[in-house]
Amino acid sequence: MRFRAEGIVFKGLPFGEADMIMTIFTREKGFVRAFAKSPRKTKSRFGSALEPFSYIRLSLWGKENAELPKLIQADIIHPFQKLREELGCFLRISEIFEMTSMLIPEHVRQPGLFNMLIDTLKMQEADCKNPKAILCYKIKMLAAAGFMPRLSGCGRCESTGRRFHFREGSVLCDNCGGQNNPVNEFELSQGAIKLFETLRLWDWNKLNRVVPTTTLAKELNMLLDLHIRYRLEKGLKTRDFIEKIRT
Ligand SMILES: [Zn+2]
């Protein structure tokens, strides 16, 4: 049967001489993998629709719930070409794509997260240096994956605390958290906790009114990345790559 969807191209794995196995995040079915015949040939009917980050309308062919349906059509709704042209921007988007594909299982519908990803890409296209949309997307993605960190008060007794314990996925107060252990915890500033709470509860449409300082955005971003890394129990390739070129 034929199945139509809207999706964002995550990645393509070359297969054989000119074919590809595509990973696409769709609004209708969540993550799907699909076989694309000859997209790497110059005169491919897919044109540039299968470039990473492209927002496309697609048709799949195969039995319902087929492991690897065939991609028979892909038309660009929005290319997001600008996001592929600047290295820093490309790496930041690649990183959230990698996190999403690792945290969200295949064939699980996430229409809210899908729409948010489109909005995030649009905001990044308008201003690639603004960290706010990326931060906000990471928080919503963690909520969708069931890994939302708790920063507002101790996870055990609810009193005030600023030390985030990775194993607990929560801030703990000094009583409950015991001795300082910098390897397993991350001390947050009051400002970073407040920023997290604002972004977590904020209506996406009013996001323009939140203007975090670079320092707070960096601090919160680092905490979220470490938390995600801990949850996945392995490093993310893009982030490691970013760290390598920074040093
Ligand atoms: Zn406590």
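**Notes on the aromatic rings and the zinc site**

1. Let's start with phenylalanine 53, which is buried, at a relative accessible area of 2%. Here buried means under 20% relative accessible area, exposed means over 50%, and partly exposed lies in between, using a 1.4 Å probe and protein chains only.

2. A word on the model before going further. It is predicted, so local features need pLDDT of at least 70 and side-chain atom pairs count only at pLDDT 80 or more, while totals for chains, interfaces and linings use all residues. Residues are numbered from 1 along each chain as its sequence is written, and side-chain values use heavy atoms, with hydrogens and water left out.

3. Now for the ring pairs. Rings of Phe, Tyr and Trp (its six-membered ring) pair if their centres lie within 6.5 Å; planes under 30 degrees apart are stacked, over 60 edge-to-face, and the rest tilted. That rule gives eleven aromatic pairs. In one of them, phenylalanine 10 and phenylalanine 97 are stacked, because their ring centres are 4.0 Å apart and their planes meet at 20 degrees.

4. Where do phenylalanine 10 and phenylalanine 97 lie? Phenylalanine 10 is in strand S1 (residues 2-15) and phenylalanine 97 in helix H2 (residues 87-103), so the pair links distant parts of the chain, 87 residues apart. (Helices, H or I with at least four residues, and strands, E with at least two, are DSSP runs numbered from the N terminus.) Phenylalanine 10 is buried at 8%, and phenylalanine 97 is buried at 4%.

5. Back to phenylalanine 53: with phenylalanine 90 it forms a tilted pair, 5.4 Å centre to centre and 40 degrees between the planes. Phenylalanine 53 sits in the loop between strand S3 (30-36) and strand S4 (55-61), and phenylalanine 90 in helix H2, so the pair ties together parts 37 residues apart in sequence. Phenylalanine 90 is partly exposed, at 27%.

6. Finally, the metal. Cys154, Cys157, Cys173 and Cys176 each coordinate the zinc ion through SG, at 2.3 Å. (Donors are N, O and S atoms within 2.8 Å of the metal, or 3.2 Å for Na, K and Ca; water is not among the atoms, so sites may look incomplete.) The donor residues follow the spacing C-x2-C-x15-C-x2-C. Cysteine 154 is buried, at 0%, whereas cysteine 157 is partly exposed, at 40%.
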